[in-house]
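The following exercises are to be worked through with the sequence and the three-dimensional model at hand. Each task is followed by a stepwise solution.

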Amino acid sequence: MGHASDHRDDGPRAPLSRAWDGVLRWLRVLWVCRASAASALAGLVLFTLAGPARDLFMESQPYGLYWTGFFAMVLAWALIVHYAARKVLEQQAWAEPGTPLPLAGACRHALAERYRWPAAWVPRLLGLLCLAAVWLGIAGAAADLAPARRALDLPDPRRLLGFLAVVAVLYAAYVVLRRRLAEPGLRREPWPAYLHDVVTGEGGSLLSEPTPFWFFALATPEGRRRRGGGAGVRGDAVAFLLLAFLVGVWGIAVALPGLLETVTPRALFVVLMLGLPVSLLAFLSALSHALRLPVIALLVLGLFLGTGAVRDFHDLRRLDGPGTVRPGLREAMERWLRLNCRPDDPQPCRARPVILASAGGASRAAFFTATVVGDILADERVDLRRRLFAISGVSGGSVGAAFIRAALDDARPDGGAPCGRVGRAWFRHDARPTGPYTWKECLQALTAGDFLSRPFVGLAFRDLFGFPLHDLVGMADRAVLLERAFEDQYRALVGPEGSRDGGLARALGEEPAGPERWAPRLILNTTSVLDGRRSLVSDLLPFRCDGGADAPLFPTAVDLFETLGAGRSCADGAPAATGAVAALRLSSAATASARFPVISPHAVIRRRAEAAGSLGDAVDLLVDGGYFENDGLTSARQLAEAMQAVWPGFPKAVILHVTNNPTSESSGEGDVAQRSPRRQEFVDGLLAPFRTILATRDGHAAVALWTAQHASSAVEEVLSFQVYDAVAPGAKEPGCALARAPETARGGGSVDRIKDLSMSWWLSGAVQAYLDSQLCHPANRAAYGRLLTHLGIP
């Protein structure tokens, strides 16, 4: 294959040899169409295996225009895949490597006859594979949340199959009628003869281009004449404009990812990303055949090595200006006590501090944490705005903590939630388009945004160009895109108060205005790559003073600000920071805890350089806090123990433990999860080490939970609020909340279990509704009842 002898008649051959030769011809054509094939296969894998991609089809809002636009883009994706494959097959270089171009007429005719069938059908099948990927995604979405969908009366994703059927008909019509509409001479050809040519691929443009730079001919009259003029030139112009348009969109993706996300939200964005690079990559693959070099591989390798050489590309983003001022633990406790216990009150103070431990889990964690906290904030008896002493967050739980902290800082004068609007991504937008909004509604809407599109643009396109663009224009990496997505979401919903320097763009540790305002302390957990320890980003000083010596609040953990250069002092008997103290935005602190590759890269921790114009020393690398322990309970327990060490007799803390990974009701209170039968897989031996590393974080969380519950005298009780793998009784009834969950008898039949609950930086309306319904679960309501008891509320 690939030599002149390939297209000569070598006489009769064995049937097996002829069959194998046919297979090789089809594989050869598929390889030539590798850009289109990669796009179609990527869509197939994405919609079949990735829960977050299937989650796109579970939107519960009635988006008529949204879905029309989505399926229009699906059709465009299939057409681009088909067209790019056809265009690269027009090149002559791939069919006869080493032969001078243009090919001689007889040689070209023989090669075209040899590859006629696969060249006609491979592009068509690849376009059809795009539609099949969407169909499998819809079917998978219908199965993922089937029990919840039935129980909560959520729309069935299979309603979208009607749109897909229309797209399939339009695609088939394009494949059949394309040449008849594009070439006027074929319109007079009898239909039987025309359809014969469509099926067999006869009369097409296979191997008609001797150079990949065919579009240069369009610039001159002579070039247009050689290309046949008329319809041929018009088709060439359309192809060139399509290529130029997609390159332009690629440029927008690199320069203005936020604009791309706004114009093509969520599901539309995924299809755009699948179709965007196809034409350009097809051109580069044609260039590879002409030059006999792996152009795409060399280009990607060069950009990868160049970007890797930019040492500060993945540096943790820091805030210019004065460093973060952090109080000591005793100072924070005194202020909390003044706000919760009035000295002139004759009744004994029954206030008890609450520490929230929020587990990781991307947007699912942030949304469920916002749901639980927002629901408790609505209960005026609890006064959680004052009682909540601190939040220990991991990954998505840290993001939820950042949104909660900013919203509490920006609360209205009457104590209400600050949201002036809610986005369409929130599952109850159509039912509650106007405010005022409750705390739960506001916090849910804040955490329901699309936080995946921008970092995905960075991953797929933008970060490859870090080498030339970071130094030239200061282009940031995809982690910064994620941070800015958080900031923009808050700014869009809160309004003027969420200005460019406020909201999640404010400095970590910035206190709310007014002496009567309290802001919970933040302990955001990350993991150090260097030694695997926790590295904490906190607005509390990480030590206390004991007899003039400093003692850590969080034993075995590293403090990020101290890693950046801050020191410790107990000179006056009170803890104080010395040396260079850095400042971080709230969004940067939360994202530091949520760097779970590959969507967000590691963070390089670099101290400031003493010499102007030079980089400081890199002293650590940080990744997601869930690598160490995914629930934030270790830091929450150590904080409670430090509070008792600093102030013996201070009311013991209650820890609210919020997790979001679906848990079985039947798991009981045992310290070892039940083992259920599982299907063995042939990749178990290969994947076992990696699965173990990932599962270890949950094992550490189990140890941390047991230690906080049973081995720490500083913790009053750990109260768990969980997401269960079954819909709670009465979830459809209005007014479901922890304080007033409907009393509904549990059915006696078997309960369908949720096998998988999507986890990514976006959530469909159906998943949001399922998480919201967990407030109705009897176990969560019982935990809330225990909280009221500890707070002395009847």
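**Exercise 1. Determine which residues of helix 9 are buried and what covers them.**

Solution. Step 1: the cover over the buried residues of helix 9 includes helix 6 (116-144) and helix 8 (161-182); a contact means heavy atoms within 4.5 Å. Helices (H or I, at least four residues) and strands (E, at least two) are DSSP runs, numbered from the N terminus. The model is a predicted one, in which local features need pLDDT of at least 70, side-chain atom pairs count only at pLDDT 80 or more, and totals for chains, interfaces and linings use all residues. Residues are numbered from 1 along each chain as its sequence is written, and side-chain values use heavy atoms, with hydrogens and water left out.

Step 2: in helix 9, which spans residues 191-200, the buried residues are Tyr194, Asp197, Val198 and Thr200. Buried means under 20% relative accessible area, exposed over 50%, and partly exposed in between (1.4 Å probe, protein chains only).

Step 3: after helix 9 comes glycine 201, which has a positive phi near 80°.

**Exercise 2. Identify the nonpolar patch on the surface and the helix that gives the most to it.**

Solution. Step 1: the patch consists of Trp26, Trp117, Leu125, Leu128 and Val199, which together have about 460 Å² of accessible area. Patches are made of residues with over 30% relative accessible area and no salt bridge; like charges are joined within 9 Å, nonpolar side chains (Val, Leu, Ile, Met, Phe, Trp, Tyr) within 5 Å. A salt bridge is a side-chain nitrogen of Lys or Arg within 4 Å of a carboxyl oxygen of Asp or Glu. Areas come from the Shrake-Rupley method with a 1.4 Å probe, and for residues only the protein chains shown count as cover.

Step 2: helix 6 gives the most to this patch, with three residues. Leucine 125 is placed in helix 6 and, at a relative accessible area of 44%, is partly exposed.

**Exercise 3. Locate the disulfides and describe their geometry and placement.**

Solution. Step 1: the structure holds three disulfides, each a pair of cysteine sulfur atoms within 2.5 Å.

Step 2: cysteine 419 and cysteine 442 are linked with their sulfur atoms 2.0 Å apart. The torsion about their S-S bond is about 70°, so this disulfide is right-handed. Because cysteine 419 lies in the loop between helix 19 (396-409) and helix 20 (439-447) and cysteine 442 in helix 20, the pair ties together parts that are 23 residues apart in sequence. Cysteine 419 is buried at 7% relative accessible area, and cysteine 442 is buried at 0%.

Step 3: cysteine 545 is joined to cysteine 570, S to S 2.0 Å. This link is left-handed, with -90° about the S-S bond. Cysteine 545 is in strand 5 (residues 543-546) and cysteine 570 in the loop between strand 8 (566-569) and strand 9 (576-579), 25 residues apart. Cysteine 570 is buried, at 12% relative accessible area.

Step 4: the sulfur atoms of cysteine 736 and cysteine 776 are 1.4 Å apart. Cysteine 736 is in the loop between strand 13 (715-721) and helix 28 (765-773), and cysteine 776 in the loop between helix 28 and helix 29 (778-790), 40 residues apart. Both cysteine 736 and cysteine 776 are buried.

**Exercise 4. State how many helices and strands the protein has, and what share of its residues is buried.**

Solution. Step 1: the protein has 29 helices and 13 strands.

Step 2: of its 794 residues, 54% are buried.
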